[in-house]
Every structure is written in structure tokens, then in C-alpha cells.
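Me: Could you walk me through a structure, one question at a time?

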Amino acid sequence: MTEDSQRNFRSVYYEKVGFRGVEEKKSLEILLKDDRLDIEKLCTFSQRFPLPSMYRALVWKVLLGILPPHHESHVQVMTYRKEQYSDVLHALKVIRFVSDATPQSEVYLYMHRLESGKLPRSPSFPLEPEDEVFLAIAKAMEEMVEDSVDCYWITRCFVNQLNSKYRDTLPQLPKAFEQYLNLEDSRLLSHLKACCAVSTLPYELWFKKCFAGCLPESSLQRIWDKVVSGSCKILVFVAVEILLTFKIKVMALNSAEKITKFLENIPQDSSDAIVSKAIDLWHKHCGTPVHSA
């Protein structure tokens, strides 16, 4: 048996006995041992494979620019990050903007607003639409990242990435969704159009909030691996796969209001399968893009 066939045999065997991704994990560990982390290779890995949970926060911090590529700087940089976190949090407590009873996601929001120079006069002021997006992402991130300092910095940089790198791309995703749904199931798209539902679909939930509040965090983090590593177009294929998965239900609904309401509250027990199929669709139509929206 050749070396390649042995490797293929092991991969199939690992999948059958529940150890899928063992070799991928080893490959990631090798990447993370380099003195200077290769950002492009980390992006490629994140787009090809789901990140092991034990390394996800580290990889995200590097890809989002929270940590530099050089290993020797990580401890010092995180010390600065923690000090900045503590200083900003202390300032908010001094001006009585937050307290120990304030939900953690709101604390992150006000920290972000303070550092951006956009802190409102009072926490009782109504939230802006961008604040709602930040809160949804922060709440989901809390379930993925245990350390509060890491959670704040990853949330902040993730949102900043959406508002800068993907600023021009996000508004185009509804059109791309329609395009790819038509390729996968034109009859389903025709039904949505007949019900005047295309323009009322929950695009803000899907694309602006990156499915935070729509899918459970265990499934969501696999999508965010792709967003963090360079492609927000994965969001389109998740939306397409949701429609394909619940096609029978959607086809049975005859109004835009009913369709939208259902899609805002889809059954959670299908989420893992939806994400897996969405990633397959993404690779089918886009290959494995690196640093591309």
C-alpha cells in the first residue's frame, strides 16, 4: 500500500470511528508551532476545515489582528489587551454606565461605544440598529469564547471586520442569495416571488448578524470560521440551504409574512446538517477562496 493510499485509508477509518479531522488537527498544530504564523495558510485551513474548538479563539485572534503573527509577542500583547479591557471597564463603572448586574453583552457594547467615541449620554437611550447587531454577535460569542477579555476583543474585531472589509459586500448578499437559490431550485424561488416574499426575507438576521440568534452557537462557529478567514459569501449558502432544507414547509406557506416568520425561527435540530450542506454548496460554487468576500 502506498503512502497516499495509507493516508486515505486512515482518513476514511477515522471518519467511520468518529475521529474525523484527526490529520487536519495535526496539520493545524504544525502551523501553530511556527515562530511566525502564516496568515494565508491559516486562512486556507479555516476555509477548508472546521477549526478544533481548543484552537478556535487563538486562530481567530490572529486572523482578526488581535494578536500578531509572531509567537514571542503574544503574551505581551495580550497583557496590553487585558489592561485596556480593565481600564475601559473601570471607566464605565466610575461613570455608572454599567454595574455588576449589567449583562455581559451590554458591557461589551458600551465598552466598544466608549472606545469608538460614540457612548450615548445615558444607557437608557434607545439602541441604534448597529448596536442591535453588535449585541446579537456578542451574545453568540459569549457561548463560544469563555474568557471575557478574549470575547470582547474578538467580538469587537469581528464587528469591525463586517463594517470595514465587508461593508460593500454585505448589501449585495440578498441578490447573490437569489442568484444561487435560482440555480439550486428555481421552483422554490418562483414560489417566494409569487408570495412577494423575496424582499421580506430576514436578511438582517442572516447577513448583518451573521445568523447570530438564528442558529445555535455550535453550528454558528463553523460559519464564522469562514467569515473570519476571508469570506462572508458563506452566509449566502447558509441562507440557500435553509430554504432547501425546509422547502416543503415553505412551499406550503402562501404569504410573505408567514414565510418570513417561519424563517426567523427555524427548527434548531437541523442546524448542523444545514451548515455542513451549506459549506459543501459554498465549495461547489466558489471553490475555496482565500481573502475573498
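Me: Is cysteine 232 buried or exposed?
Reply: This is a predicted model, where local features need pLDDT of at least 70, side-chain atom pairs count only at pLDDT 80 or more, and totals for chains, interfaces and linings use all residues. Residues are numbered from 1 along each chain as its sequence is written, and side-chain values use heavy atoms, with hydrogens and water left out. Buried means under 20% relative accessible area, exposed over 50%, and partly exposed in between (1.4 Å probe, protein chains only). Cysteine 232 has a relative accessible area of 0%, so the answer is buried.

Me: How many disulfides are there?
Reply: A disulfide here is a pair of cysteine sulfur atoms within 2.5 Å. The sulfur of cysteine 232 has its closest cysteine sulfur 7.7 Å away, in cysteine 210, which is too far for a bond. By this rule, the count is 0 disulfides.

Me: Which residues of helix 9 are buried?
Reply: Helices are DSSP runs (H or I, at least four residues), numbered from the N terminus, as are strands (E, at least two). Helix 9 covers residues 173-184. Its buried residues are Leu173, Pro174, Ala176, Phe177, Tyr180 and Leu181.

Notes:
The expected span of a helix is 1.5 Å times one less than its number of residues.
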